[in-house]
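Got a chain to look over, so let's go through it by question and answer. Have the model open while you read.

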Amino acid sequence: MKTARLPLIRPSSFSSVHNPFSHGSPHQIFPQNEDHNSIHCNATTLSSVLQRYINSDNPFYGQKIHAHILKSGFIPNTNISIKLLILNLKCGCLKYARQVFDELPRRTLSAYNYMVAGYLNQGFVAESINLVHRLILDGERPDGYTYSMILKASNCGGSVRLPPNLAGVVHAQIVKSYVEPDDVLSTALVDAYVKSRRIGLARRVFDMMIEKNVICSTSMISGYMNQGSLENAEEIFKKTVEKDIVVFNAMIEGYSKSLETALKALDVYVEMQRLGFRPNLSTFASVVGACSVMAGFEIGQQVQAQLLKSNFINDIKMGSAIIDMYSKCGRIEDARRVFDHMPEKNVFSWTSMIDGYGKIGMPNEALELFHIMQQCCVEPNHVTFLGALSACAHAGLVAKGREIFESMERDYSLKPRMEHYACIVDLLGRAGNLLLAWEFVAGMPEKPNSDVWAALLSSCNLHGNVEMASIAAKELFKLNAEGRPGAYVALSNTLAAAGKWDSVSELREIMKSRGILKGTGSSWIGTESCSARPKRLAKEVNQHFK
């Protein structure tokens, strides 16, 4: 079995790197009147010069040597050809690299590995997979690096159809081929398993690693966080000896997605800075997200103060996240101030502000901003339209809402989604136009989902239409009988308001038999745990950037 691997390119000390012929003129490297195949010393010199350009920050100058080789008729040996291949790949010239590859008298496993990696680095997944097939047909046996590239290809995805369990197939081949997984291959396996949501298999590979690197730990933490396995993520985080900013970001991002764990995200954020790690853009995005979830504007203000002292304050995504955070905290004036001072805005910035106005109960301001956005030639997306339609529903602007809905496909070629149909049903229903709402549902081009029927049921409950409410509830229960406890309550209230107590009792028996309980209401109050602690964290956050 061949054990060829990608050769390790070590930096060498040299001077005059920008001169392509620092070891002599082109004619000194390629004498005019001698047999090129017999000039061992010049071949050695050429190999050394190429290696220097491969190791340099400016490999493009080395392509002049390649051009001279082609002009001079010099026949490079395999070693020089491989270096020309590497040089062109480092310059991003896949065409010339492939030409060198195809002209090799014998394509080695190392050459295949370099070309496969080159294609993948530029996003050409299909070409890289085809090369792997050709490698096998040429009688070469993939090594650990080859397998790691195949796993990388499975994560790139794209339009190439790959086996759904490619990670498992590759893993099986690794075992059959007696390839000893190194850190690179093990990390690629773990990452592939995590991204295919097979966290148990990823953990097996992870536990078998003698030295667990921080990249692998970060992948495992992200996988566990996405599955809600916080204890397992915390275990791996604690056992990670050499932590970096990325592993801290994985913990902060995982915690920031839930109200129950948002405060933990802020704890990790503070601890990270105590240990000397400076937040980056990903850190700030996750922390702002945590503030949005818990409506903690005091901490959000401190984070914004940190951003003002960093290079990230003018980032469009960051500005949009801060607008969203202030809006969810009820600080709409602060959100608008951030919006107005953004040097550059995109559709997400406009959408965050429009949605913020809608959620705070200011539909007129939301629609005014939506109109200004269109005048500024910024094309709305599906979320923007949802915010505008919701604003129309709250303001009772039926005609305006229908006009905006119709403009989606007419003016922007955006096909309405189910949530947009549900919004129109809510708009018509709130205004008391239940018959129009019913006709709208009946005329939908697609089968209504549970959101559409829930919107109609809510409107029927609002206006006491028992007959239509019963039909809407029946259709809703067909689609999602157990996932909509609020629908049972809405129907029960409609029946009770109409004095149909027998039907109410019957419905409650059905709820009891199906184990469906009315949700218990709750709210945040200023206790020590959810008021004093955020204030303490806000002070600690502020201290790190003073």
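Q: Is Tyr 178 buried or exposed?
A: This is a predicted model, so take what follows as read off a prediction. Tyr 178 sits in the loop between α9 and α10. Its relative accessible area is 72%, and the cut-off for exposed is over 50%. So Tyr 178 comes out as exposed.

Q: Which helices do the buried residues of α9 pack against?
A: Helix α9 covers residues 166-176, and its buried residues are Leu 166, Ala 167, Gly 168, Val 170 and Ile 174. The partners for these buried residues are α8 (144-156) and α10 (183-195).

Q: Ala 295 also has a phi worth a look; is Ala 295 buried, partly exposed or exposed?
A: Ala 295 has a positive phi of about 55° although it isn't a glycine. You'll find Ala 295 in the loop between α16 (281-294) and α17. Its relative accessibility is 40%, and the middle class runs between 20% and 50%. So Ala 295 counts as partly exposed.

Q: Where do the buried residues of α17 fall, seen down the helix axis?
A: Helix α17 takes in residues 297-308, and its 16 Å from first C-alpha to last is close to the 16 Å expected at 1.5 Å a residue. The buried residues in α17 are Ile 299, Gly 300, Val 303, Gln 304, Gln 306 and Leu 307. Down the axis of α17 they fall within an arc of 155°, so they line one face of the helix.

Q: Which residues touch the most other members of the largest nonpolar core?
A: In soluble globular proteins, nonpolar side chains tend to be buried together. Here the largest nonpolar core has 151 residues, and the ones touching the most other members are Leu 85, Met 220 and Ile 221.

Q: What does Leu 85 touch, not counting residues up to four places away in sequence?
A: With residues up to four places away left out, the list is Ala 97, Val 100, Phe 101, Ala 111, Tyr 114 and Met 115.

Q: Is Ser 81 buried or exposed?
A: Ser 81 lies in helix α4, residues 78-90. Leaving aside its neighbours within four places in sequence, Ser 81 is in contact with Pro 76, Val 100 and Leu 104. Its relative accessible area is 9%, and the cut-off for buried is under 20%, so Ser 81 is buried.

Q: Is Asp 324 buried or exposed?
A: Asp 324 has its place in helix α18, residues 316-328. Not counting residues up to four places away in sequence, Asp 324 touches Ser 292 and Ser 352. Relative accessibility is 19%, and the limit is under 20%, so Asp 324 counts as buried.

Q: Where does UniProt place the feature "repeat: PPR"?
A: Two of the spans make a handy pair to look at. Residues 244-279 are 69% helix and 0% strand, with end C-alpha atoms 11 Å apart, and residues 346-380 are 74% helix and 0% strand, with end C-alpha atoms 10 Å apart. The unreviewed UniProt entry places the feature at residues 182-216, 244-279, 315-345 and 346-380.

Q: How are the rings of Phe 405 and Phe 440 arranged?
A: There are 12 aromatic pairs by count. Phe 405 is in helix α23 (residues 398-412) and Phe 440 in helix α25 (residues 434-442), so the pair ties together parts 35 residues apart in sequence. Both Phe 405 and Phe 440 are buried. Their ring centres are 5.8 Å apart with planes at 70°, so the pair is edge-to-face.

Q: How many helices and strands are there in the chain?
A: Of the chain's 546 residues, 47% count as buried. Among contacts with a separation of 6 or more, residues 24 or more positions apart account for 64%. The tally for the chain is 30 helices and zero strands.

Technical notes. Residues numbered from 1 in each chain as written. Predicted model: local features only at pLDDT ≥ 70, side-chain atom pairs only at ≥ 80, totals over all residues. Heavy atoms only, no water. Helix = DSSP H or I, 4+ residues; strand = E, 2+ residues; numbered from the N terminus. Buried < 20%, exposed > 50% of the residue type's maximum accessible area, 1.4 Å probe, protein only. Contact = heavy atoms within 4.5 Å. Core = buried A, V, L, I, M, F, W, Y, C linked by side-chain atoms within 4.5 Å. Expected span 1.5 Å × (residues − 1). Arc of directions from axis to C-beta. UniProt positions renumbered as here; feature names shortened; annotations may be inferred. Phe/Tyr/Trp six-rings, centres within 6.5 Å; stacked < 30°, edge-to-face > 60°.
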